[in-house]
Amino acid sequence: MAKATPKSRKKGKQNKGVSTLKFIKVFWITFASGIFLIVLLFLLASWGAYGEMPKFEELENPQNDLATQIISSDGVQIGTFFKENRTPVSYDDLPQHLVDALVATEDARYYDHSGIDARGTLRAFIFLGSKGGASTISQQLAKQLFTGGSKNRFERYLQKIQEWVIATRLERQYTKKEIITMYLNKYDFLNQAIGISSASRIYFGKKPKDLKKEEAAVLVGMLKNSSLFNPLRRPEMVKTRRDVVLNQMEKYEYINEQERDSLKQLPLALDYSPEGHSDGTATYFREYVRSWMSKWVKENPKGENEEGETTYFDIYRDGLRINVTIDSRMQKYAEEAVAEHMANLQKEFDKQEKDNKTSPFRDITKAEVEGIIKRGIRSSARRDVMLKLGKSEKEITASFDKKAEMKIFSWKGEIDTIMTPKDSILYYKKFLRSGLMSMEPQSGHVKAWVGGVDYKHFQYDHVYQGARQVGSTFKPFVYATAIDQLKLSPCDTLPRSQITIPIGSHGVTENDWTPKNSDGEYSGYLSLKEALAKSVNTISARLLDRIGPDPIVGLAQKTGVKSDITPVASIALGSVDLKLSEMVGAYSTFANQGIYTKPVMITSIEDKNGTVLYQFVPETRDVISKEAAYVTINLMEGVTQSGSGVRLRTGPSTRYDIKNVVTGHPYLFDNPIAGKTGTTQNQSDGWFMGIVPNLCTGVWVGGDDRAVHFKTTTFGQGATMALPIWGLYMKKCYADETLKVSKAAFKKPESLTIEVDCQDFKKANIQDENIDDEFSL
């Protein structure tokens with residue numbers, strides 16, 4: 001083999017040098033091109049080539065839909081209106097261990113980078129994401145705020161570049177604390193829990209600052225993928241993920257090993273409280289607020305936009321704060337009282353219906369039953385939906401006879417069943433309904449509002465929507481008018497004998513009107529206090545005959561009653577239909593020394609920045625004299641001392657057939673209570689109005705249709721149907737001393753000219769088992 005000559009050796013070295021130079025040149029060109037390409041990619045992203053990028057103003061003030069909050073008088077959020085159920089919180093409202101858990105799990109070098117974690121990005125690139133992703137908290141926020149989802153992998157790469165650009169801009173615009181706060185306020189934790197505040201309430205029933213470490217770890221664990229780590233669907237998987245978060249906290253020395261192991265032993269301990277419109281507390285009241293706010297925003301424009309168009313507040317997006325008069329504690333006690341008694345009363349009603357061939361209706365014909373069902377079909381939500389879909393009346397009617405899967409209400413919880421919509425109408429008709437409203441007479445502030453037994457299944461509000469016959473609860477208006485005009489005393493006596501009001505007098509048009517007493521007694525005389533305590537119809541009729549119906553109607557209207565009242569003789573016995581809200585407002589006038597105060601539900605409205613947009617101005621007016629109001633209260637005290645409301649004070653009942661129906665008895669109240677029961681014809685409606693000096697509460701109980709009722713007054717009277725709810729509610733309120741519900745005597749006018757302390761007044765001593773307060777025409 002020939003040896004290489006020096007010349008050829010030199011030429012080889014030159015070729016090798018040229019190759020090296022070419023390689024270096026190619027390397028630097030490639031490197032520079034790569035750098036240029038990366039810079040170009042980022043420049044194109046910043047210029048909006050891959051999609052519109054947020055402007056400076058948008059970065060400075062990112063737009064989020066904020067839920068409107070309903071805040072009770074004691075500072076508790078009792079509901080929200082939302083497109084997205086988000087209630088923002090500040091960094092100071094976040095516990096440090098929540099922030100630590102977030103950083104340890106999602107971005108360990110969060111405080112060291114400026115939006116992009118170079119080490120994490122390189123690791124993700126080399127291992128193709130198998131050893132963890134590279135998204136920083138800032139990048140995740142950028143994705144939530146501005147980029148959203150992607151349709152394919154290529155598009156996702158471009159969006160990733162956008163996120164990097166936006167993340168660095170966010171880091172320049174905001175502090176680390178602000179970015180963490182924005183991120184936690186933005187994230188969707190599912191189940192209508194958008195943002196950390198809603199998630200804390202919905203999953204654990206508390207504010208973020210009250211979260212324990214293990215609870216904070218659950219919510220941080222959900223940040224990986226809330227759909228996958230859903231506590232309601234996959235609790236075991238969520239617990240495992242929580243433990244991963246706790247491991248990360250220990251790894252980065254936010255907790256020690258012993259604490260980590262101890263926390264990992266704890267169960268999830270969820271306190272799930274959904275916040276849908278049909279969930280939670282004060283549902284009927286919240287619907288009233290929603291309706292009221294819908295009108296308010298139309299009457300109070302926000303301003304004008306750049307085009308000069310009028311803009312309005314959006315109660316679902318603008319993050320308003322509605323401060324209401326409801327007390328969350330009293331509302332809770334009211335709802336508990338209604339649920340406890342109504343479930344108990346329903347058992348007795350169902351028991352008695354077993355032998356009723358027209359159940360759940362009484363005293364009506366088959367044709368009338370068919371009429372009720374037809375009305376139920378016409379007013380059903382199902383029919384409304386089908387009409388909007390263009391279905392014919394024939395198709396709609398036929399659909400009500402076809403079986404379908406549905407969830408139905410029961411006092412033991414929802415039941416999955418299959419039945420026809422027509423059968424479901426009959427099923428729901430059997431349930432007794434109830435309403436309760438509680439108000440401070442002096443301020444007009446409504447403290448509790450229960451419109452029914454279950455808003456999801458019974459959306460008709462029996463506080464504000466439903467007007468029902470009031471029976472004997474209207475008699476105090478008759479007595480108060482007579483006292484105001486005639487200066488009568490509770491000690492004055494009138495004959496119990498029958499009275500006939502002839503045709504042409506006091507609105508009597510068809511036949512002479514001769515009211516009857518429920519106990520059939522017509523002999524002797526009774527004082528006014530005895531007469532109201534025993535709810536004697538003939539004496540109420542005598543008072544009306546002396547003063548006429550018009551002044552009585554006038555008094556009711558002055559006390560806030562807006563429903564129509566025809567001035568006829570029968571109003572002496574309560575033949576009128578009124579709303580529970582009207583009755584409570586009117587009765588409060590007597591407790592407020594004759595001054596009517598308009599009921600208040602909303603005290604103020606603020607925007608998301610705390611600017612007051614609306615402030616309630618009290619509305620009051622003098623209706624009757626302090627003297628007449630006090631005497632009327634004194635008369636109604638007799639009802640609970642010896643009349644149809646005496647059950648509030650007595651011990652255990654000896655009546656075997658009612659002792660298990662009068663829920664919560666014995667109540668054993670010993671403080672002054674003014675009240676009046678009411679029972680309408682055929683026991684269709686049971687009422688109790690109860691007053692203490694600083695709280696007036698009304699309760700109504702009855703069927704959805706008047707044909708749904710008990711067969712006798714033993715169970716169908718106000719003292720059995722409605723009074724127990726009042727008793728349960730007040731016992732709960734008195735047990736909570738922070739509420740300061742009064743047990744004092746009613747304030748007596750300084751110059752009282754009417755005698756109320758009757759030395760010869762004899763108590764009726766009516767036995768609890770003989771109470772009978774039936775309205776009878």
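Strand β1 (residues 68-71) pairs with β2 in the antiparallel sense over 4 bridges, where pairing requires that DSSP find at least two bridges between two strands. Strands (E, at least two residues) and helices (H or I, at least four) are DSSP runs, numbered from the N terminus. The structure is a predicted model, in which local features need pLDDT of at least 70 and side-chain atom pairs count only at pLDDT 80 or more, whereas totals for chains, interfaces and linings use all residues. Residues are numbered from 1 along each chain as its sequence is written, and side-chain values use heavy atoms, with hydrogens and water left out.

The loop between β4 (310-311) and β5 (321-324) contains D314. Its C-alpha atom is separated by 9.7 Å from that of F81, although D314 and F81 are 233 residues apart along the chain. D314 is partly exposed, because its relative accessible area is 24%; buried means under 20% relative accessible area, exposed over 50%, and partly exposed in between (1.4 Å probe, protein chains only). A polar atom of the D314 side chain lies 2.8 Å from the backbone nitrogen of Y316. The ring of Y316 has the charged end of K83 sitting over it, 5.3 Å from the ring centre. Such an arrangement is counted if NZ of Lys or CZ of Arg is within 6 Å of the ring centre and within 35 degrees of the ring normal. A further case involves K176, whose charged end sits over the ring of Y110 at 4.3 Å from its centre.

Two hairpins were also examined. Strands β6 (residues 404-408) and β7 (residues 415-419) run antiparallel and are joined by 5 bridges. I408 has I415 of β7 as its bridge partner. The hairpin of β6 and β7 has 6 residues between the strands, and G413 takes a positive phi near 115 degrees. Strand β8 (residues 433-439) pairs with β9 in the antiparallel sense over 4 bridges, and L436 stands opposite V450 in β9. The hairpin formed by β8 and β9 has 6 residues between them, with a positive phi of about 80 degrees at G444 in the turn. In strand β9 (residues 446-450), 5 of the 5 residues are buried, so the strand is largely enclosed by the rest of the structure.

A search of the whole structure finds 31 aromatic pairs. Among them, Y427 and Y428 form an edge-to-face pair, with 5.3 Å centre to centre and 75 degrees between the planes. Rings of Phe, Tyr and Trp (its six-membered ring) pair if their centres lie within 6.5 Å; planes under 30 degrees apart count as stacked, over 60 as edge-to-face and the rest as tilted. Y427 is buried, with a relative accessible area of 16%, and Y428 counts as buried at 16% relative accessibility. The pair of Y667 and F669 is stacked, because the ring centres are 6.3 Å apart and the planes lie at 10 degrees. Both Y667 and F669 are buried. One aromatic cluster is formed by F409, W411, Y427, Y428, F431 and F458.

Finally, the cysteines were considered. The structure holds 1 disulfide, defined as a pair of cysteine sulfur atoms within 2.5 Å. This disulfide is formed by C491 and C758, with their sulfur atoms 1.2 Å apart. The link of C491 and C758 is left-handed, with -80 degrees about the S-S bond. C491 lies in the loop between α18 (475-486) and β11 (493-495), and C758 in the segment after α26 (723-735), so the pair ties together parts that are 267 residues apart in sequence. C491 is partly exposed, with a relative accessible area of 23%, whereas C758 is buried, with a relative accessible area of 14%. C696 is buried at 0% relative accessible area, and C733 counts as buried at 1%.

Notes
Polar contact = N/O pair within 3.5 Å; in protein donor to acceptor, adjacent residues only side chain to side chain.
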